[in-house]
Amino acid sequence: MKYLEKDLLLNSVINLIDDLIFYKDKDFKYIGCNTAFLHFINISADKLIGKNDFEIFDHDLASLFRHHDKLMLAEGKIRTNEEWVTYPDGSRVYLLTKKIPFEYATNHIGILGISRDITSLEEAHQQLKAQTLLDELTKVKNRKAYNLKIKALLAGFERYQTPFAIISIDIDDFKKINDNFGHDIGDKVLQSFSALIENHIRQTDHLFRVGGEEFVILSESKTKIDTIQLAEKLRQTVASKTLMPGINITISLGICAVIKGDCANSIAKRVDSLLYQAKTNGKNNIVFKPVE
Ligand SMILES: Nc1nc2c(ncn2[C@@H]2O[C@H](COP(=O)(O)OP(=O)(O)OP(=O)(O)O)[C@@H](O)[C@H]2O)c(=O)[nH]1
């Protein structure tokens with residue numbers, strides 16, 4: 001096959017591909033690309049060729065592309081990265097990009113890149129990930145989510161001393177609800193209880209179902225007084241509401257704040273013993289650690 005024919009064939013092939021293909025010279029200026037790339041960035045070929053990313057994209061995006069180009073050239077081998085990219089028209093896509101060095105003239109190494117739009121795959125992945133963190137029955141976050149959140153909050157406390165508080169909640173005599181009304185009604189009570197609590201907390205308070213009728217709130221950036229007030233408000237709200245026809249419940253709560261040297265276990269131990277005191281005090285009350 002003659003050179004010209006080969007060129008034509010190669011061009012036809014790369015223009016048929018939906019992935020975005022582009023190539024830049026050693027000075028990071030575009031030498032060429034396929035039609036998918038031009039459509040994607042909504043620009044004509046004559047406006048692209050000979051320009052670098054800073055002349056086409058906004059500064060942040062161009063810096064990101066340049067950063068990856070440089071890393072790939074320094075390593076001298078194929079490099080893959082995935083990231084959310086916001087294009088100048090405001091569209092946001094999740095791109096899987098592979099870049100590889102290529103010789104476009106003697107001793108001149110440029111960058112050949114192929115990007116695949118995997119936005120729907122990434123969204124599905126995120127959705128699935130979010131589902132594994134939700135409790136199936138109540139749709140509030142589950143114990144796995146709790147473990148992740150407390151780990152993150154502990155890291156923030158250790159590094160920046162960002163305080164947080166823990167409210168452990170246990171529904172009183174829940175066994176009686178099941179025994180008297182049946183397990184299905186018990187489930188519905190758990191659902192409306194969770195919804196009620198979610199409606200009475202702020203975005204910085206995170207509710208988790210950590211056991212059958214055991215819940216925890218991790219409360220960010222609150223003073224201890226705020227947390228005690230929140231716990232008392234929740235106790236009163238629950239006691240005053242009829243969750244299902246003929247069914248009223250009460251809750252017992254243990255409250256404590258994170259302290260220096262804490263880990264997830266020490267917090268759980270402390271707050272559980274406070275909750276236990278609330279139960280032995282006769283239930284339907286809150287107990288907090290007085291001095292910390
Ligand atoms: N309906 C329903 N019941 C559950 C679920 N998970 C746990 N339970 C029930 O919750 C009850 C908890 O009982 P206990 O641990 O004795 O606690 P309690 O009756 O609330 O008593 P105190 O904690 O002392 O107030 C048991 O009857 C469990 O079967 C669930 O997902 N659905």
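Guide: Helices (H or I, at least four residues) and strands (E, at least two) are DSSP runs, numbered from the N terminus. This is a predicted model, in which local features need pLDDT of at least 70 and side-chain atom pairs count only at pLDDT 80 or more, while totals for chains, interfaces and linings use all residues. Residue numbers start from 1 along each chain as its sequence is written.

Visitor: How many helices and strands does the chain have?

Guide: The chain has 10 helices and 12 strands.

Visitor: What does the radius of gyration say about the chain?

Guide: The radius is taken over C-alpha atoms, and the globule rule is 2.2 Å times the number of residues to the power 0.38. Here the radius of gyration is 29 Å, well over the 19 Å that the rule gives for 292 residues, so the chain is more spread out than a compact globule. Its C-alpha atoms fill a box of roughly 90 × 40 × 30 Å along the principal axes.

Visitor: Which domains is the chain divided into?

Guide: Domain bounds come from an automatic or database domain assignment. They give domain 1 (3-122) and domain 2 (132-288), with C-alpha centres 50 Å apart.

Visitor: Which residues touch the most other members of the largest nonpolar core?

Guide: In soluble globular proteins, nonpolar side chains tend to be buried together. A nonpolar core is a set of buried Ala, Val, Leu, Ile, Met, Phe, Trp, Tyr and Cys residues joined through C-beta atoms within 7 Å; buried means that 20 or more other C-beta atoms, placed from the backbone, lie within 10 Å of the residue's own. In the largest core, of 42 residues, they are Ile167, Val216, Leu253 and Ile255. Strand 6 (residues 164-171) supplies the largest share, 6 residues.

Note on methods. Buried ≥ 20, exposed ≤ 12 C-beta atoms within 10 Å, placed from the backbone.
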